[in-house]
Amino acid sequence: MLERLSDKLTQIARQLSGKASLSEKNVQEAAEEIKLALLEADVHLRVVRRFVNRVIEEATGEHVLKSVSPGQQFIKIVYDRLVQFLGDSRQDLELKGPDTQSVILLLGLQGSGKTTTAAKLAKRLAGEGRRPILVAADLVRPAAVDQLVQLGSQVGLPVHSEPGQTDPVGVVKRGLAIARKQQRDVVIIDTAGRLQVDEPLMKELERIHAVSKPAEALLVADSMTGQSAVDVAKAFDDRIGLSGVILTKFDSDTRGGAALSLKSITGKPIKFIGVGEKTEDLEPFYPDRIASRVLGMGDVVSLVEKVQETIDEKEALELQAKMAGATFTLEDYLAQFQRMRKMGSVESILEMIPGMKGRVNEEDLDEKEMKHEEAIILSMTLRERLNHRIIGPPRRKRIARGSGTSVYDVNRLLKKFEKTRLMMKKMTKNKKYQAQVMSQLGVV
Ligand SMILES: Nc1nc2c(ncn2[C@@H]2O[C@H](COP(=O)(O)OP(=O)(O)O)[C@@H](O)[C@H]2O)c(=O)[nH]1
Ligand SMILES: [Mg+2]
């Protein structure tokens, strides 16, 4: 999926990632190439402009981090924008609790994949412990009811159908009543589609929407139709109101125009993607995973991200000054814990500091102990954190009680802190070492 877009962007990323420096001209050229790639991917023109402008703006204004190459940093900017345009974070279905009825109304053009998706969704929700029922409300094509009945039996779930009926609103009403009787907590309604948006269809869907009061009204759209999927989404949202989109046939979409344009043009999140014809071929839509896939450089992206997220230059500089001046306090120590947690593991931050790797033994890396230590510091008053010398025996007792630890633990932490402080002071007296740390931390 998305091979064509990915090939292009990966190529641009590769060219840049090796570069030791990036001029404004490099950035402009790369942005121009990205623009072409996006246009070729059938991304909405307005989205392309917004995308490229953002990238240029950030790439030229970005602080330079020494620990990654400018090219890598540029890729990170492109990656962030991709994630943003794909919709930021994963948006799950918003269904009511299992003891009430939630209706999912599936809408869309003919052939977009509504009926198939209805069965896929039902199967998925059943797997999550829900009790779904399907309602066959596409009465336009006689074969549509049979298709859903067949799919229902394939996934082992009930289908409410009334072959021969002509009023879909009645079918939906009765379907809801049966669902209630059978204590089905999710009702998935498959509706009729047309080749294009037309008035009688919209009227019918409006009525179905009114009687079913769906928790989710989802447009099922064929991702291969690119920008026109976005137009269809707009039309349905204006008339019926959508809560999200399911992009089908994502497995065959090499370009990604629909995925990249949908959110920023319609404001509607993509909740799932259809990735094949089988009933298990439905995946939650994760903007970040798709963006990594498109850039084809998952490793680089996560590396750059980690570095940038956690190292605030100012913070690092302040810390350095404190370390050198021995004004390093328990409060700073606490901040270190929080920073380490953001990094994912203690090792990952320590490995960035030269000479540190060998010095730290297993015991120091015990994350459980870190949690204890953190709790202890959190039980101290600010005054105590800023000056650990005032923490005498009564205070130690109070802190131990407050943090659910023992005086022994508090003593041990204070001793360790004192030791760390001394070590830092010694290390940071060495100018050469300081420079090394600073460059490793990405501070110029
Ligand atoms: N490759 C692929 N085919 C799909 C996907 N979703 C649906 N289809 C196929 O698209 C065609 C139309 O699907 P259908 O559910 O009948 O569409 P409807 O008219 O909207 O109900 C069928 O041949 C499906 O197998 C998907 O995610 N990937
Ligand atoms: Mg259908």
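Two strands pair if DSSP finds at least two bridges between them. Strands here, like helices, are DSSP runs numbered from the N terminus (E, at least two residues, for strands; H or I, at least four residues, for helices). You're looking at a predicted model, where local features need pLDDT of at least 70, side-chain atom pairs count only at pLDDT 80 or more, and totals for chains, interfaces and linings use all residues. Residues are numbered from 1 along each chain as its sequence is written, while chains are lettered from A and ligands numbered from 1 in the order in which they are written.

**Stop 1: the pair β5 and β6.** Select V220, and you'll find it standing opposite I246 in β6. The chain gets from β5 to β6 by way of helix α9 (residues 227-239), in a right-handed β-α-β crossover (with the strands pointing away from you, the path from the first strand over the helix to the second runs clockwise). Five bridges hold the parallel pairing of β5 (residues 216-222) with β6.

**Stop 2: β6 itself.** Now pick residues 244-248. Five of the five are buried, so strand β6 is largely enclosed by the rest of the structure. Buried means 20 or more other C-beta atoms within 10 Å of a residue's own, exposed means 12 or fewer, and partly exposed is in between, with C-beta atoms placed from the backbone.

**Stop 3: on to β7.** L247 sits opposite I273 of β7. Helix α10 (residues 257-266) carries the chain across from β6 to β7, again as a right-handed β-α-β crossover.

**Stop 4: two positive phi values.** Most residues other than glycine have a negative phi. K249, in the loop between β6 and α10, has a positive one near 55 degrees. With 22 C-beta neighbours inside 10 Å, K249 counts as buried. D88, in the loop between α4 (70-86) and β1 (102-107), has phi near 70 degrees. D88 is exposed, with 12 other C-beta atoms within 10 Å.

**Stop 5: ligand 1.** Show the 18 residues around ligand 1 (C-beta atom, placed from the backbone, within 6 Å of it); G113, K114, T115, T116 and G274 come nearest. Helix α5 (residues 114-127) gives the most to this shell, with three residues.

**Zoom out.** The protein chain has 20 helices and eight strands, and 40% of its 444 residues are buried.
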